[in-house]
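Student: I'd like to go through a model with you, feature by feature. Could you show it to me?

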Amino acid sequence: MMEAGYEQKDSNGERKDSGRERHDNNGERHLTDEQFTELLMGSRPAWVQAHLVECAACRVEAERVSGAIGDFAQQTLLWAERRAVVRPIRMAERQTAFAWLLHPQVWVAGVLATALAVGIGMTLHRDHAQPVQQAAATAQADAAKTQAETRNLPAGTTKVQAEAKAGSATLKADNALLTAIDGELRADETTPASLYGLEATSYKTGTKSVKRTSN
Amino acid sequence: MIGCAMGETIQSELDDIEALDRMYRARLLRYVAYSTGDMDLAETVVQDCLLKAYNGRETFRGECSVYTWLAHIAGNLVRDHQRTRKFQFWRKVQKTGPDLSELSGVLPSGESSPETQILARERAQQVTVALEALSEKQRSIFVMRFVDEMELQEICQATGMQMSTVKTHLHRAVKAVRLKVGGRA
């Protein structure tokens, strides 16, 4: 069998130059692969029909191949229908497992809960920072007051006495600040007893207090 | 995604997941099973496809048939599954193509004689064997055209391929089937 360029006819029965003609060993013309595919897909222009009437080989082959494809389609359909019935439908399971994610209310509630958690956290953080800040402010005020007093010492006070008094005041202010910080650190420590409300009035945590003793 | 203007009939069809399953499961199962040659994958893909279509039904605007849309989704899901390493591993371990013996046990209704049924079964098996030798794209397009009887334009929509590409795959598939069935190709 061989192929050669030739004129074929379109759906209106007019000849066109595209396509290749197929010949058998006897020199008889047959449908090309493309024409055969078109034929199987239902395209049957007049000249193809005429050819099928004349050419028994093409007619038999077309019937055989289209019949086989038809059998295949029918059996696969029966197989798939049986398979679809045998297999239980799991749509409900799959739907209920993830259905809650599809509701917009879930997402809104999630966002609100996150915002609430962040808000509470920020508020607690701010309240927690206040005592130390207050102690620091008090200490700074005390130091400033002492320095002002030092400047206004009565006449006759020596420079050394004045400096000693100022240093003592600064030390006192620093100790007040450290005590405040130490108190905050102790308050953060959670003990098993405190968790269950068993803590006595003054539970010693063992945290060492830091105290400044000199400049 | 294939775009679409939703008609009321189609909308109601998509709104009922059980109806969707009843109408399209078998057809999709056949398409995926004979396109991929993997029965287990077909089960999974069809399940996911119907669920995805139901959940995304608002994106369907009716510019194509529901089945074309479903086939498009199924095709994407097959590609997604095949990309995963898990699939690659299990594919090596267990090749689970549609069982030919199971298929050959399915006979058409008793309208034809036993001899005719046996002949039909043999011819169908020849086509199955021919398809196994094809690439997945060729098989898929062959099944869409000759088994699902989809138009070429619908196949283009479902696969995202150009018309010329679809025709080329189809020609090669038909040629292989002709050769197996005993034609002169």
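This is a predicted model: local features need pLDDT of at least 70, side-chain atom pairs count only at pLDDT 80 or more; totals for chains, interfaces and linings use all residues.

Student: Which residues of helix 9 of chain B are buried?

Tutor: Buried is a matter of counting: 20 or more other C-beta atoms within 10 Å of the residue's own, with C-beta atoms placed from the backbone. In helix 9 of chain B, that gives Glu154(B), Ile155(B) and Ala158(B). They cover an arc of only 100° around the axis (taken from the directions from the helix axis to the C-beta atoms), so they sit on the same side of the helix. Their cover includes helix 4, helix 8 and helix 10 of chain B.

Student: What span should helix 4 of chain B have?

Tutor: The expected span is 1.5 Å times one less than the number of residues. Helix 4 of chain B, residues 66-83, has 18 residues and should span 26 Å; its end C-alpha atoms are 26 Å apart, which agrees. Its buried residues include Trp69(B), His72(B) and Val78(B), and the buried residues of this helix pack against helix 2, helix 3, helix 8 and helix 9 of chain B.

Student: How many residues does each chain bring to the contact between A and B?

Tutor: Two residues are in contact if their C-beta atoms, placed from the backbone, lie within 7 Å. Chain B brings 38 residues and chain A brings 33. On the chain B side, helix 2 gives the most, with eight residues.

Student: How many helices and strands does chain B have?

Tutor: Ten helices and zero strands. Of the 185 residues in chain B, 38% are buried.

Student: What is the mean pLDDT of chain A?

Tutor: pLDDT is the predictor's confidence in each residue, from 0 to 100. For chain A the mean is 70, and 53% of the residues reach 70 or more. Over residues 1-19 of chain A, pLDDT is below 50, and over residues 200-209 of chain A it stays under 50.

Definitions and conventions: Residues are numbered from 1 along each chain as its sequence is written. Chains are lettered from A and ligands numbered from 1 in the order in which they are written. Helices (H or I, at least four residues) and strands (E, at least two) are DSSP runs, numbered from the N terminus. A residue is buried if 20 or more other C-beta atoms lie within 10 Å of its own, exposed if 12 or fewer, and partly exposed in between; C-beta atoms are placed from the backbone.
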